[in-house]
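This report goes through the fold of one protein chain, from its overall make-up to single residues. Please keep the sequence and the structure in view while reading.

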Amino acid sequence: MELHDYLAVLLRRKWIIAYAFAAVFLTNIALAFLQPQSYQAVSRVMIEQTGLEVMLLSEPAAVPKWVSLETRAAIIRSYPFALRIQKILSEERKIFLTTAEIQASISCRFQQGSEIIEIAAVNQNRDLASALSAGATDAFIQYNKETTSQEAVNARTFIEGRLDLVRKQMAGAQMDLQRFLQKENIRNLDSELDSLHAKMLEYDNERKSLQNKIAANELRIRGLTGGSAGEPLEERRFHDPVLSRLRDKLITLETSLNTLLVKYTPRHPRVLALQSQIQGIRRQMQGHSSEIADFQDPTILAKIQELRSDIAVGKERMAHIPADTLAVKKRIAELASKRQIYGDLQRRLSSADKTYHTLIEKVEDARIRESMTVGDAKVIEKAQSAIPLQKAGRNLLGLSAALGLLLGLGTAVLLEYVDNTIKTSDEVKRYLSLPVLGMIPHLEKESPIVSESALKSSLNEAYQAICFAIEHGTLELGARTLFVTSCKQGEGKTTIVCNMAISMARTGEKVILIDGDLRRPRVHHVFRVENDLGLSNILRGELEAERALSKLTSEGTLPRGLELSEEDVDRALKATQIEGLSVLTSGPVPPNPIELLKSGNLRSLIEILKKKANIILVDTPPAEMVVDAMVMASVLDASVLILESGRITRKEADDLKQMFLTTESSILGVVINSASVER
């Protein structure tokens with residue numbers, strides 16, 4: 001729907017909008033001015049957030065630090081709290097109310113970000129409202145004190161129980177630490193670990209020094225054995241193949257020995273076996289060297305022997321360094337593990353001691369709090385006198401007006417949405433794709449027959465427009481015979497076709513109106529003519545038979561063929577008060593209308609009538625009830641559909657259209673009856 005469609009809907013259903021608006025607005029006014037006056041009294045209480053903070057422990061479930069304002073408000077509105085208020089009112093103020101009345105009157109509110117609770121009481125009695133608010137405040141303060149005192153008792157009991165447990169834990173931690181020190185014989189773990197780390201560094205420096213010294217001695221030996229043409233003894237020994245093999249084997253065995261000393265001690269069997277093999281190889285090398293010795297300078301030989309002795313001593317010391325280093329590493333790992341255990345025991349004892357002293361302080365605080373009778377709630381203002389409340393609805397008049405208007409608009413749109421009937425020419429064009437020949441206004445006082453109304457009336461104007469549209473359509477189609485039908489009974493079909501005939505005759509056309517409704521004929525009532533002879537007589541062939549019988553009587557012979565003649569039709573036609581308009585009534589209602597309409601006399605009748613008039617209009621029964629209109633459609637040139645505004649649904653109208661599209665007859669257009677003048 002476009003915007004103008006919505007505006008049209010609102011205009012059509014303006015009374016629904018007005019009724020909805022009036023109903024909501026007047027209801028609100030009635031509620032605002034007819035309800036009794038109520039009074040409200042308000043007391044204010046401030047909640048201090050530090051009330052129980054001194055008793056808090058690492059166990060938050062033991063003593064709640066802060067009870068939220070939402071929780072306190074729920075307590076004030078609860079049934080047990082209503083019992084407290086009832087008791088205070090009955091004992092102190094001699095006011096007797098039920099708990100249901102108290103709960104219905106008491107309300108509680110608070111502002112986010114503040115610690116103030118407002119306890120309000122609403123009642124139609126001003127004094128009773130004040131008493132209820134004050135009584136609820138006294139009950140809340142009393143409840144708060146009792147709760148605080150009980151919480152202090154519970155806190156002290158809980159803390160004392162925890163104190164005994166922590167005391168036992170502290171004694172156990174201290175005993176475990178003493179047993180550990182006695183068992184491990186530990187005096188100072190840190191100093192011993194420092195000395196062991198220094199020892200590791202000393203071994204590493206010694207290993208590097210020995211490596212450098214051995215390398216330097218080997219360089220000196222090579223310097224002493226090199227030189228002249230006569231090759232020195234050491235050089236010959238160096239190139240001797242036997243000594244070379246023994247030397248290589250010795251190097252391999254010494255490498256294996258160094259590897260074993262990293263894993264094992266010098267007393268390990270595998271280490272001792274390798275050392276024995278190394279000594280045997282050295283003895284072989286010395287024996288072979290003595291065999292090839294010929295001459296050498298005694299001084300150089302002594303120096304070389306000294307250097308070799310230093311190298312042997314250095315290598316032997318280096319062989320023991322890995323074992324010593326490994327022993328130190330094991331001791332360091334052992335002391336580190338013990339140090340961790342020692343630290344855990346110390347931390348356990350320190351934690352237990354700290355918790356113990358903290359609990360002692362909390363016990364003292366709890367005992368002090370237990371002896372106090374002040375809660376964390378403080379009265380800021382107690383209700384003295386109640387003030388009248390503005391009646392509900394007075395400040396909502398504007399809102400109720402908007403709500404009523406919105407309800408009316410929504411109802412109008414909803415009714416339009418669920419209403420699937422055809423009411424306007426736009427809907428005919430949109431859903432049926434058929435032209436609208438005209439719209440007949442809804443009349444309440446004016447006569448529905450144009451011959452009885454003024455020439456300048458809206459009814460006459462409407463039918464003149466329809467006749468002009470029909471004339472234009474018939475010229476395009478070349479149609480001279482039209483039948484008028486509707487979807488349902490009572491849509492004004494007969495009245496419309498009669499008025500169409502009258503309006504056409506007034507323009508100078510020769511018009512014949514046939515009452516083709518052989519079930520409920522009404523045309524003769526409109527024009528006030530007799531219905532003793534009409535369409536049913538012609539279709540049964542009664543006029544031809546009478547003519548033949550009259551000829552037989554007068555001439556003594558029968559005509560050769562009994563065919564419908566103009567003379568027979570003239571007998572059935574009836575003149576009306578409208579010049580140029582003749583009427584063929586239905587005649588007596590037959591028992592079998594369909595068989596009569598299917599007879600060949602209908603076509604003969606139409607052909608004869610075409611010679612006597614410019615246009616022929618036929619009134620048929622509603623198409624939804626019987627198939628008479630379908631039979632007429634096979635004989636006549638075109639049809640005009642009558643739809644009563646707001647009565648026929650879109651589906652029903654479309655079914656009627658599809659029904660006539662199956663015949664050879666064309667649909668000239670649609671006439672909307674009982675249309676709203678505003679539309």
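A residue is called buried here when its relative accessible area is under 20%, exposed when that area is over 50%, and partly exposed in between. By that cut-off, buried residues account for 41% of the 679 residues in the protein chain. The model is a predicted one.

**Overall make-up**

The protein chain holds 23 helices and 13 strands. Its accessible surface amounts to about 37700 Å², and carbon and sulfur atoms supply 54% of that area. Taking contacts between residues at least 6 apart in sequence, 81% link residues that are at least 24 apart.

**Nonpolar cores**

In soluble globular proteins, nonpolar side chains tend to be buried together. In this model the largest nonpolar core contains 47 residues. Within that core, the residues with the most contacts are Phe483, Ile514, Leu584, Leu605, Leu609 and Phe660. A separate core of 36 residues lies apart from the largest one, and its members include Ala462, Ala479, Met500 and Val526.

**Packing of H14 and H15**

How do helices H14 and H15 lie relative to each other, roughly parallel or roughly perpendicular? Helix H14 spans residues 458-477 and helix H15 spans residues 493-506; they pack at an angle of about 75°, and their axes are 9 Å apart. Angles of 65 to 115 degrees count as roughly perpendicular, so H14 and H15 are roughly perpendicular to each other. On the H14 side the contact involves Asn460, Tyr463, Ile466, Cys467 and Ile470. H15 contributes Thr495, Ile496, Asn499, Met500, Ser503, Met504 and Arg506. Sorted by class, this contact consists of 7 nonpolar, 4 polar and 1 charged residues.

Leu210 sits in helix H7, which runs over residues 189-225. With a relative accessible area of 15%, Leu210 falls under the 20% limit and is therefore buried. Apart from neighbours within four places in sequence, Leu210 is in contact with Gly314, Arg317, Met318 and Ile321.

Glu361 belongs to helix H11, residues 298-371. Its relative accessible area is 53%, so Glu361 counts as exposed.

| Pair | Separation along the chain | C-alpha to C-alpha distance |
|---|---|---|
| Leu210 and Arg317 | 107 residues | 8.2 Å |
| Glu361 and Ile159 | 202 residues | 10.0 Å |

**Positive phi angles**

Which backbone angle is positive in Arg528, although this residue is not a glycine? The angle is phi, at about 55°. Arg528 is placed in the loop between helix H16 (523-527) and helix H17 (535-540). Arg528 is exposed, its relative accessible area being 68%.

Ser674, also a residue other than glycine, has a positive phi near 55°. Ser674 is located in strand E13, residues 666-675.

Terms used:
Residues are numbered from 1 along each chain as its sequence is written. This is a predicted model: local features need pLDDT of at least 70, side-chain atom pairs count only at pLDDT 80 or more; totals for chains, interfaces and linings use all residues. Side-chain values use heavy atoms; hydrogens and water are left out. Axes are lines fitted to C-alpha atoms, for helices over the stretch in contact, and angles run from 0 to 180 degrees between N-to-C directions. Helices (H or I, at least four residues) and strands (E, at least two) are DSSP runs, numbered from the N terminus. Angles under 35 degrees count as roughly parallel, over 145 as roughly antiparallel, 65 to 115 as roughly perpendicular and the rest as oblique. Contact means heavy atoms within 4.5 Å. Ala, Val, Leu, Ile, Met, Phe, Trp, Tyr, Cys and Pro count as nonpolar, Asp, Glu, Lys and Arg as charged, and the others, Gly among them, as polar. Buried means under 20% relative accessible area, exposed over 50%, partly exposed in between (1.4 Å probe, protein chains only). Accessible areas come from the Shrake-Rupley method with a 1.4 Å probe; for residues, only the protein chains shown count as cover. A nonpolar core is a set of buried Ala, Val, Leu, Ile, Met, Phe, Trp, Tyr and Cys residues joined through side-chain atoms within 4.5 Å.
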